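Subject: Structure handover

Hello,

Please find the structure below, with my notes on it after that. Let me know if anything needs another look.

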Amino acid sequence: MSVIKLTGGRVIDPANGVDDQVRDLYIRDGRLIAAPDAHDRISAEYNISGRIVMSGAIDMHSHIGGGKVNIAREMLPEDHRGDPVERTELTRSSCGHAAPGTLAAGYRYAEMGYTAAFEPALLPVNARQAHMEMGDTPMLDTGGYAMLGSDDFLLRMLAAKEDQQAINDYVAWTLHATQTVGIKVVNPGAISAFKFNQRKLDLDEQNAFYGITPREIVKVLSRAVHDLGVAKPLHVHASNLGVPGNVDTTLGTMDAAEGLPVHLTHIQFHSYGTEGERKFSSAAARIAEAINQKKNVSADVGQILFGQTVTASGDNMVQYRNAGHGSPKKSVIMDIECDAGCGVVPFKYKDQNFVNALQWAIGLEIFLMVDDPWRIFLTTDHPNGAPFTTYPHLIKLLMDRSFRNAMLDTINPDARAMSNLAGLDREYSLYEIAIMTRAGPAKLIGLADRGHLAPGAAADIVVYKEDADRERMFEKPELVFKDGELVVRDGRIVKVVRGGTHAVKPEFDIGIEKKIKPYFERFHSVRMNNFKISDDELCECGGGSKLIAHACRKRG
Amino acid sequence: MTHEATSTVVTEVACPLCGHACDDLSVDTAGAALAVVAHGCDRAVSGFARLGAGSTAATPRIAGRPATLDEACAEAARLLAASAQPVFGGMALDVSGARGAMELVDRAGGVIDHMNNEFGWRASRVIQDGGGINTTLAEVKNRADLILLVGTDAVSAQPRFFERCVWVKETMFDLQPDSRRIVYLGGGLDTQPGHSPDGRAPDVFDFERSRMPEALSVLNALVAQQPVAGDAPLGIALARWQALADALLGAQYSVVVWAGPAFEVSQLDLNVGAIVSLVRRLNVTTRCNSLPLAGNDGDLSMGAVHTWQTGYPMRTSYASGTPKFDPLHNGIDRLLATGEADALVWLSSLNDLQSPPATGVPTIVIAPPSLKLAAEPQVYIPVATPGMHHTGHFVRTDKVVTLPLQALRRSALPAAGEVAVAIATRLKEVQS
């Protein structure tokens, strides 16, 4: 068979403990192999001596598909005008900056060396649309985390004190029905509470109708995900996002998992204290200390970067509250199917604004104070903190202390005075960046053959020209291979490919459908059988994307 | 009533014939036409019968003469290659049809405008100007204690709205469905479906519907506790208006229903903007959401795909090689009327009642064989219908739920999306 050889690159492959070692890589039939055998012939060889080689990057939290993203696109033509993607012989035209079209998003991710991205807030009832949008996102493998925790069925089960086994069956059923790779909870129980006109919901405050607290929801869902053997820990968008003093809620939410694996997402937005004249301060030190101590906890940062973006969230309660801060001042808030909700608010982060500047510093403080790069992930919560296209800039902030401090000198001086960022000397290494953007996400989500470069791995490979300016280095890799095919050369698409869709397949008792089917007929607007997405239909939704199914080993 | 599935009856069928996308139909596939035997409204029954015919002798035509599909696609590609500004109308498609159309319009450098988009783009502009607070059908069904229908009776657009979302047997919560309060704003509406099962009549504010902007101003003022001039705005006692404002403020979860085509086109932005203001104001103290009724003829399916793939809504030009959104300039009726467009592609797999306009420019019609054409186009390609002959996906009125469409019987005809992709492939060959 024909084999592609990458010769002489400096390989950084943290999953296999390889740190900047010169190695030749061989690709056969889309996978890495140790060495060609007698039947193989080298059909193409790339001399990449001196170049840095990593596996394809994986964005474990990026809002790339689903109803709220499409609302953001529709509502922001002004976002798109300055950022067109031209039609070429290979690629289609598209556009957008903070809320790009799926085509633009796929091309740009690939051009930055990303080969997978995961939509973290896939509403079960909107799962088809999310998969269709991800299917129309070329170049990338995709997957989603299904949102539970404000859905009537689960809250009803909790109110009725149904046992954990029944909840596990419902969670597993949801994963199958929505073809997803994990479970997310957004402002636990509060999306539902907002529909009953509650305007806030603290960790131990009861939903007015069900009498259930966010703490109980985090507890049972983290248990369910664990028991079912789903690799990806429960993905938690904690209560009280953006509220000064929410650090205590965030620490309490970590504890709500009672020692089971739990992932706190966009934790920057949940790391605020109430010190200082303006009663808004950094609590990054307490958050980082907690992550350092609690080995069951992981987090992605949700870094903000200055400029225009749009916030798109399932958290309708918080988005409604923040709608007045929108810039430009417009917003769409939705209640959705007694299942979930969403809110879209454009936002401009300003470096001279005290709060925004401190948010910027808080995110960086968390990055620099969390010791273990396997448990902290590089995200901007695209597009909520900034568009994903800012990742190379963020990497430079983490890797280059003098650059970081020069930026720090330009922000709102009161915010600078409130931050300990200037005292943090740490500079991330390429090895640590590779953990945060490749090996770590693959391990967290359970993608055994992604995020590394050992024989047998999928040949998602990125070749960078070493550059002291890390932003320049990471924004335009020389070569990107997706499943063994060269798809990007010198930062430009040379081949358009369609990725696959990751989904987990935990075992469960299908008998749960005896409850779910009549429930849908009594209360819902669709039939259960039209809610579920079969494997065949998933591929059709994805416009032909392959299902990449992951078995789970029960732990319950 | 549920119809048992038999060898020829398919149950839980989703219907693509209006934006409500009911998914509880039973359809008998045994006869010459598809027969909706349970849960079908008149539109569904006649639509499945008409569009769902099995064998058809229809073949593609070039200038009226029978041709193969390949020949017809090649001729369509030739016409598009020769066109400086082709436009794409009709667009009554499901998601797969829309995906194919997007590939073709980009390649052809055209503009897409859905047959319902004279309303759609204006509603979209309200979102772009201010946004909104919206809800979905299951929320209405389970929570709505007051439903205010603004200028629409709902059932003209979506016949089973009251049956499926209002007068239901039970709700998830404490709300008794029969206790809901129904209010119509505007005269000349079919208010019969608004009567509760226990015989309560709806509250009808009967006035000339072209005066809707005034009516909404009155309501907005009263909800905001501002004075209103006169003691009988629009000929209706101020006390009734005040009672309605009080009811909205007192409701736990009111829903304001509107439909673009029910408004005068020139007033659409104004009315929808006023509804958004009303809903925002009410949410300061209680919950209130609007529910736009749309999705007919696949307008939301086409619109969603257009927006997600390229970032912009329809009325975007692909002529320059990058998308240029300009809804005022790019209305295809305007482009055809001024002579700026020099070819028309009429794509429709869901609507066989609306014919393409007579334009005088070369026309390519890709539509079901049951569509009656006033004039013979340069190219005609008959296509199958999603949800009848092939699978597909359909975006419902609330833009959240997408229903899977089933293949109920086979057709020898291709799907519209396949035809569009085939023409795009041919066009690429012609251009290179």
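**Between the chains**

Val332(A) stands opposite Gly132(B), a residue of strand E8(B). This is a predicted model, and that pair belongs to a strand pairing across the two chains: E18(A), residues 331-336, and E8(B), residues 131-134, run parallel and are joined by 4 bridges.

The contact between the chains takes in 53 residues of chain A and 52 residues of chain B. On the chain A side, strand E18(A) gives the largest share, 6 residues. Sorted by class, the side of chain A that touches chain B has 19 nonpolar, 17 polar and 17 charged residues.

A helix pair also crosses from one chain to the other. The axes of H1(A), residues 67-75, and H10(B), residues 299-310, come within 9 Å and cross at roughly 80°. That angle makes H1(A) roughly perpendicular to H10(B), since angles of 65 to 115 degrees are counted that way. From H1(A), the residues in the contact are Asn70(A), Arg73(A) and Glu74(A); from H10(B), they are Ala304(B), Thr307(B) and Trp308(B). The contact of H1(A) with H10(B) divides into 2 nonpolar, 2 polar and 2 charged residues.

On confidence, the model has an ipTM of 0.98 and a pTM of 0.98. Chain B has an average pLDDT of 96, and 98% of its residues score at least 70.

**Helix packing within the chains**

In chain A, the axes of H10(A), residues 284-293, and H12(A), residues 354-369, come within 9 Å and cross at roughly 30°. The cut-off for roughly parallel is under 35 degrees, so H10(A) and H12(A) are roughly parallel to each other. The crossing of H10(A) past H12(A) is right-handed. Ala284(A), Ala285(A), Ile287(A) and Ala288(A) of H10(A) meet Ile362(A), Glu365(A), Ile366(A) and Met369(A) of H12(A). By class, that contact has 7 nonpolar, no polar and 1 charged residues.

In chain B, H7(B), residues 212-223, packs on H8(B), residues 238-250, at an angle of about 60°, with the axes 9 Å apart. H7(B) and H8(B) are therefore oblique to each other. H7(B) passes H8(B) in a crossing that is right-handed. On the H7(B) side, Val218(B), Leu219(B), Leu222(B) and Val223(B) take part; they meet Trp241(B), Gln242(B), Leu244(B), Ala245(B), Leu248(B) and Leu249(B) on the H8(B) side. The contact of H7(B) with H8(B) contains 9 nonpolar residues, 1 polar and no charged.

**Two hairpins in chain A**

Strand E23(A) takes part in both hairpins described here.

Strands E22(A), residues 479-482, and E23(A), residues 485-489, run antiparallel and are joined by 4 bridges. Leu479(A) stands opposite Arg489(A) of E23(A). The hairpin of E22(A) and E23(A) has 2 residues between the strands, and Asp483(A) takes a positive phi near 45° there.

E23(A) is also joined to E24(A), residues 492-493, by 2 bridges, and E23(A) and E24(A) run antiparallel. Here Arg489(A) stands opposite Arg492(A) of E24(A). This hairpin has 2 residues between its strands, and Asp490(A) in the turn has a positive phi of about 50°.

Regards

Methods
Residues are numbered from 1 along each chain as its sequence is written. Chains are lettered from A and ligands numbered from 1 in the order in which they are written. This is a predicted model: local features need pLDDT of at least 70, side-chain atom pairs count only at pLDDT 80 or more; totals for chains, interfaces and linings use all residues. Axes are lines fitted to C-alpha atoms, for helices over the stretch in contact, and angles run from 0 to 180 degrees between N-to-C directions. Angles under 35 degrees count as roughly parallel, over 145 as roughly antiparallel, 65 to 115 as roughly perpendicular and the rest as oblique. A crossing is left-handed if the near helix is turned anticlockwise from the far one by less than a right angle, and right-handed if clockwise. Two residues are in contact if their C-beta atoms, placed from the backbone, lie within 7 Å. Ala, Val, Leu, Ile, Met, Phe, Trp, Tyr, Cys and Pro count as nonpolar, Asp, Glu, Lys and Arg as charged, and the others, Gly among them, as polar. Two strands pair if DSSP finds at least two bridges between them. pLDDT is the predictor's confidence in each residue, from 0 to 100.
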